Amino acid sequence: MMTSTTITRYHPPYPLLLHNPSPFATLTFPPPHSPHVRTFSLPKTLSCHLSPSHNTTTPLLTKIHSKPLHFALSGALSLCLLLGGAEIAQAAKVGVNKPELLPKEFTTVIDVAGFLTDGQEKRLAQEISALEKDTGYKLRVLAQNYPVTPGLAVKDFWQVDDSTVVFVADPTFGNILNFNVGASVDLDIPRSFWSRLAGKYGNIFYWREKGEDASIESAVMAISNCLREPVGPNNCSEVK
């Protein structure tokens with residue numbers, strides 16, 4: 001049985017594209033003068049936060065939630081990069097599923113775009129491993145340039161579940177930081193954290209000046225610091 005999924009979007013009201021591997025989706029538009037709320041039917045759960053574009057002046061936050069969890073990483077960008085922008089709708093009409101782009105051995109950091117050096121990948125993997133050991137949260141990093149991506153294949157490769165945060169670093173559409181947040185993580189971490197993180201380290205001016213690798217490394221450390229904080233009313237109030 002399908003469950004209803006609500007996507008809440010704030011101005012500016014970009015065209016909306018749901019690109020999900022499931023063959024069904026229902027779309028409900030709001031009446032005139034109402035908030036921009038569109039409802040989709042999805043078979044499973046995903047909590048997804050869309051980072052704001054570099055040229056928007058108001059926050060843009062996309063939240064997707066239903067139960068139980070099923071991580072639908074469609075194409076390279078999953079729902080996060082496939083929600084908003086006419087250029088995205090044109091570029092992402094067909095989902096990507098390229099398991100041949102996956103590494104031969106398991107790793108928590110996959111860089112098919114060549115943004116990171118071997119040393120940087122190793123350091124990030126060590127930080128992610130320590131985070132998972134200490135907290136139980138699973139952080140996974142996919143660096144890509146859409147459409148060159150393993151896409152849907154990472155779901156099984158990483159065994160994505162409620163405790164997983166998938167961080168997709170892709171500069172194709174401006175802001176390089178995009179996050180898919182598991183349901184359990186979403187309960188513990190303020191949703192505003194992800195948009196603030198994207199605004200600080202993902203904006204086009206930051207990564208063009210400092211490099212994609214700097215954005216990725218800074219974001220991983222900020223996520224690690226946040227996930228290590230005790231859950232409470234003020235956790236993750238700062239992007240460190």
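The structure is a predicted model, in which local features need pLDDT of at least 70 and side-chain atom pairs count only at pLDDT 80 or more, while totals for chains, interfaces and linings use all residues. Residues are numbered from 1 along each chain as its sequence is written, and side-chain values use heavy atoms, with hydrogens and water left out.

**Aromatic pairs**
- Rings of Phe, Tyr and Trp (its six-membered ring) pair if their centres lie within 6.5 Å, and planes under 30 degrees apart count as stacked, over 60 as edge-to-face and the rest as tilted; by this rule there are five aromatic pairs.
- Phe106 and Phe157 are stacked, because their ring centres are 5.6 Å apart and their planes stand at 25°.
- This pair links distant parts of the chain, since Phe106 lies in the loop between helix H2 (86-91) and strand E4 (109-111) and Phe157 lies in helix H4 (residues 153-158), 51 residues apart; helices (H or I, at least four residues) and strands (E, at least two) are DSSP runs, numbered from the N terminus.
- Tyr201 and Tyr206 form an edge-to-face pair, because their centres are 5.4 Å apart and their planes are at 65°.
- One aromatic cluster is formed by Phe167, Phe179, Phe193 and Trp194.

**Burial**
- Buried means under 20% relative accessible area, exposed over 50%, and partly exposed in between (1.4 Å probe, protein chains only); Tyr201 counts as buried at 12%, and Tyr206 counts as buried at 16%.
- Five of the five residues of strand E7 (residues 177-181) are buried, so E7 is largely enclosed by the rest of the structure.
- Leu177, Phe179 and Val181 cover one side of E7 and Asn178 and Asn180 the other, all of them buried.

**Strand pairing**
- Strand E6 (residues 164-169) pairs with E7 in the antiparallel sense over five bridges, where pairing requires that DSSP finds at least two bridges between two strands.
- Val166 stands opposite Asn180 in E7.
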